[in-house]
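The sequence and structure come first.

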Amino acid sequence: MEQYIGTTERWLLTPVVLMFLALIIYFLLRKIGWKVRAATGFALISPWLIGFIIFTAFPLIYSLYLSFTNYSLFGTPKWIGLKNYIYIFTSDYEFWPSVRLTLLYAVFTVPIGVIGSLLIAMLLNNRIKGIGVFRTIYYLPAVMPDVAVALIWRWLFNSQSGLINYALSPFLKLFHIGKIDWFGDPKYVLWAFIIMSVWGIFGTNTVVFLAGLQGVPRSLYEVADLDGASPWIKFWNITIPQISPVILLQVVMGIISALQIFTVAMFVRPTTGAGIFMNQLIYNRGFTQLHMGQASAIAWVLFVIILAFTLLVFKSTPAWVHYEGEIKR
């Protein structure tokens, strides 16, 4: 009971301390000549800035430093230069299979997620009776915990009593194939995760696309109808250009999410014969094997991969992303 009382006291004390710091910052800024509005604004965002510096910026910079050290969570980090990077690129037997598995997963799942979410959103954009109920049902996956989802999929893919093997049994018998060991056979691990990624079609992604579709002016479709445009012409020349910024958002967020897959993979626990995802490798290397320097190096390689893919997508935007009022040069 005393532990809960202490935790409650700290939770109550935190906003008081942050408010006090904001007031100190306000008076300091006013003293050095800042105007009232600027000092007030900076003071109000100072709790967020302090949290960002302590919990995001500092760990990020410190992890970069650790990637050049030999550190085991105990003792003092020892500077070793580029040895961690040289090791993971040349001698680490787990690194390249991990990169391969992670990239293949992203290559397959991002298009499935974007296209699938768009198709579902287009269905939910129709004005039919009870559409609000369907929209609620399709959003439910967004509020389900990842751990629960992982355990459900683990049961569905069970090689003996799983529902997926049961549903596929007529086709498997037709081709004289036994029950598939989805998470035990390296040949099927990637495909199992790709099937699981279909879950990501529903939820927030569909809602975002639905909001984008509802923002397309109806007058554009009415003019196209007068010209005798087919549904495909309207979709390709009106819908896609109008929601292209939403598609950009979904592609970028999909890439980031796919390359950072972790929770589901950790709880499903497939065979390591097909490799493990990069975030799993980071966790294992840092907190299981206690090679925090190598874990930090792998994390920064993953960061560079995500950054590279994101920059490539943004580099391509002039060719396919349309913004309202933008003049094409």
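Arginine 269 has a relative accessibility of 57% and therefore counts as exposed, where exposed means over 50% relative accessible area, buried under 20% and partly exposed in between (1.4 Å probe, protein chains only). The model is predicted: local features need pLDDT of at least 70 and side-chain atom pairs count only at pLDDT 80 or more, while totals for chains, interfaces and linings use all residues. Residues are numbered from 1 along each chain as its sequence is written, and side-chain values use heavy atoms, with hydrogens and water left out.

**Positive phi values**

Arginine 269 lies in the loop between α13 (263-268) and α14; helices (H or I, at least four residues) and strands (E, at least two) are DSSP runs, numbered from the N terminus. Its phi is near 55°, a positive value in a residue other than glycine. Most residues other than glycine have a negative phi. Leucine 73 is not a glycine either, and has a positive phi of about 75°. Leucine 73 is found in the loop between β1 (69-70) and β2 (78-79). With 33% relative accessibility, leucine 73 counts as partly exposed.

**Helix pairs**

Two packed helices are described by the angle between their axes and the distance between the axes. Here the axes are lines fitted to C-alpha atoms, for helices over the stretch in contact, and angles run from 0 to 180 degrees between N-to-C directions.

| Helix pair | Angle | Axis distance |
|---|---|---|
| α10 (residues 218-226) and α11 (residues 231-242) | about 165° | 11 Å apart |
| α9 (residues 204-214) and α12 (residues 244-259) | roughly 165° | within 9 Å |
| α14 and α15 | roughly 160° | within 7 Å |

The angle between α14 and α15 makes α14 roughly antiparallel to α15; angles under 35 degrees count as roughly parallel, over 145 as roughly antiparallel, 65 to 115 as roughly perpendicular and the rest as oblique. α14 passes α15 in a left-handed crossing, a crossing being left-handed if the near helix is turned anticlockwise from the far one by less than a right angle, and right-handed if clockwise. Contact means heavy atoms within 4.5 Å. On the α14 side the contact is made by Met278, Asn279, Leu281, Ile282, Arg285, Gly286 and Phe287, and on the α15 side by Met292, Gln294, Ala295, Ile298, Ala299, Val301, Leu302 and Ile305. These residues divide into 11 nonpolar, 3 polar and 1 charged. Ala, Val, Leu, Ile, Met, Phe, Trp, Tyr, Cys and Pro count as nonpolar, Asp, Glu, Lys and Arg as charged, and the others, Gly among them, as polar.

The pair α9 and α12 is also roughly antiparallel, but its crossing is right-handed. Asn205, Val208, Phe209 and Gly212 of α9 meet Val246, Ile247, Leu249 and Gln250 of α12. This contact has 5 nonpolar, 3 polar and no charged residues.

α10 passes α11 in a right-handed crossing. Leu220, Tyr221, Ala224 and Asp225 of α10 make the contact with Lys234, Ile238, Thr239 and Gln242 of α11. By class, there are 4 nonpolar, 2 polar and 2 charged residues in the contact of α10 with α11.

Leucine 281 sits in helix α14 (residues 278-288) and, at 1% relative accessibility, counts as buried. Apart from neighbours within four places in sequence, leucine 281 is in contact with Glu94, Phe95, Ser98, Ile276 and Ile298. Isoleucine 298 is 17 residues from leucine 281 along the chain, and their C-alpha atoms are separated by 8.1 Å.

Glutamine 294 belongs to helix α15 (residues 292-320) and counts as buried at 14% relative accessibility. Leaving aside neighbours within four places in sequence, glutamine 294 contacts Asn84, Tyr87 and Arg285.

**The nonpolar core**

A nonpolar core is a set of buried Ala, Val, Leu, Ile, Met, Phe, Trp, Tyr and Cys residues joined through side-chain atoms within 4.5 Å. The largest has 73 residues, and those with the most contacts inside it are Phe95, Phe157, Phe193, Met196, Phe209, Ile243 and Met278. Helix α4 (residues 95-124) gives the most to this core, with 11 residues. Phenylalanine 209 touches Val114, Ser117, Leu118, Ala121, Ile243, Val246, Ile247 and Gln250, not counting residues up to four places away in sequence.
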